[in-house]
Amino acid sequence: MGKTNPLIVKYKNQWYDLTEFAHKHPGGKNSLTGLHEKDMAERFDRAPGHSNAAKYLMKEYKIKTETKQNGHSLNGHTKVIANGGLQNGTKPTSNGLHTKKAQGDTTGTAANGDVAHLTDDSMEHLVDWSKPMLMQIYNLGEKYGEWVNKPVDRELRLFGPSWVENLTRTPWWIVPGFWIPAILYIIVEHGAHQLAIGRGYNSPSESFRTVHLYLHLVIGALAWTLLEYSLHRWVFHLDPKGNRILQTFHFLIHGQHHKVPFDPHRLVFPVPPAILLTTLFYQPVYYAFPYPRLTLAGGLIGYLIYDMIHYYLHYGSPAGGHLYHMKRYHYSHHFVHHDQGYGISSDFWDKLFGTRIILRKLKYLLKW
């Protein structure tokens, strides 16, 4: 990979370091072209209205310029330089603060002496990002609904014990690495055998030469798309209605993703709870379908496609077609329409249930 070009911009007399954000920008990195070390106010204000969530996220990249150093005034002349740092030795860190602070300045300093991850005029003072987050959700009370839908660009720690925390953080490749062999095992060792008995074949191998095996896999995959929509709409986006226990549950299963949408280890579903849910969902499948093992395998194929698409929508760079549409669609769900656009792999069920997001037509192709 080539070197990332610095992108330091000015907006309303404040500097922002968008270098690491450019490829995540929902409006495409090409809409930020030519803005390095320039005032972006005209382009920002001319663009279609940025949502409150987008404006809140922008605070994450604010550069905290120092006005004093060793007791001497810098007269407001601290200036961003081309390498992404600042003159006088101040350099922005990933959290928008600096590695070098004026003497006597304790703004943003935690009790342990570390620089806290704070943004001006934000709600992040309600929680302590240096501590596990899950047990803090209970204390947010009525502020939870507003806080969770104001995104930040950070990595999140849910639990204190590392062995528990590691079960909730999943690199994308773990999902296909586990589920592809599992799906093949279910099809070969169970599904084909079940079909052979049911249709009177001489051996399970004959099942692979008939359309029935593949038909039931497709049925399972299609059933998953409805389950995907239903879970996202009615479970992941349940309204806690001020119930603090439900708020904690909501944050655990989905709220965390809306709070930290760019955390690369919280974009796919962890394997342990996925196994538990698979076991639970298999019970109704067993009674509802004639060859439940094949239907289950098809559903898992649908799930695997969904999870890989979801990761790609956040970190991929589609140049057109269905995935390009779904990336814009999903970002709109994250930053504008939290109560619409529940489809990830497609917007089919959104159309059917009246929750489809109508995307604005663009004059140019977005690039990430």
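These notes go through a predicted model point by point, from confidence and overall make-up to individual residues.

1. Basis. Residues are numbered from 1 along each chain as its sequence is written, and side-chain values use heavy atoms, with hydrogens and water left out. Since the model is predicted, local features need pLDDT of at least 70 and side-chain atom pairs count only at pLDDT 80 or more, while totals for chains, interfaces and linings use all residues.

2. Confidence. The average pLDDT (the predictor's confidence in each residue, from 0 to 100) is 87 for the protein chain, and 84% of the residues score at least 70. Residues 67-120 stay under 50. For that stretch the model has 104 contacts beyond four places in sequence, a contact being heavy atoms within 4.5 Å.

3. Overall make-up. The protein chain has 11 helices and five strands; these are DSSP runs numbered from the N terminus, with helices being H or I of at least four residues and strands E of at least two. Of its 368 residues, 45% are buried. Here buried means under 20% relative accessible area, exposed over 50%, and partly exposed in between, with a 1.4 Å probe and protein chains only. Among contacts between residues at least 6 apart in sequence, 64% join residues at least 24 apart.

4. Helix α6. This helix has 26 residues, and its first and last C-alpha atoms are 36 Å apart, close to the 38 Å expected at 1.5 Å a residue. The expected span is 1.5 Å times one less than the number of residues. Its buried residues include Trp224, Glu228, Tyr229, His232 and Phe236. Among the elements covering the buried residues of α6 are α5, α7, α8, α9, α10 and α11.

5. Helix α8. The 18 residues of α8 (271-288) should span 26 Å, and the end C-alpha atoms are 25 Å apart, which agrees. Tyr282 is buried, as are Val271, Ala274, Thr278 and Val285. The cover over the buried residues of α8 includes α5 (174-199) and α9 (292-315).

6. An unreviewed UniProt entry gives "binding site" for His232, His237, His254, His257, His258, His310, His314, His333 and His334. UniProt positions are in the numbering used here, feature names are shortened, and annotations may be inferred rather than shown by experiment. Histidine 237 sits in the loop between α6 (211-236) and α7 (244-259). Beyond four places in sequence, histidine 237 touches His232, His250, His254, His258, His333, His338 and Tyr342. Histidine 334 belongs to helix α10 (321-335) and is buried, at 3% relative accessible area. Its contacts, with neighbours within four places left aside, are His257, His258, Pro261 and His314.

7. Histidine 25, in the loop between β2 and β3, is buried at 13% and touches Ser31, Leu32 and Trp368, not counting residues up to four places away. Histidine 50, in the loop between α1 (41-46) and α2, is partly exposed at 27%.

8. Aspartate 347 lies between α10 and α11 (348-353). It counts as buried because its relative accessibility is 8%. Beyond four places in sequence, aspartate 347 contacts His325, Met326, Tyr329 and Arg356. Lysine 62 is buried at 18%, and its C-alpha is 6.4 Å from that of aspartate 17, 45 residues away along the chain.

9. Backbone. Most residues other than glycine have a negative phi. Lysine 12 has a positive phi of about 50°; this residue is in the loop between β1 (8-11) and β2 (14-17) and is exposed, at 61%. Glutamate 37 has a positive phi near 60° and is partly exposed, at 31%.
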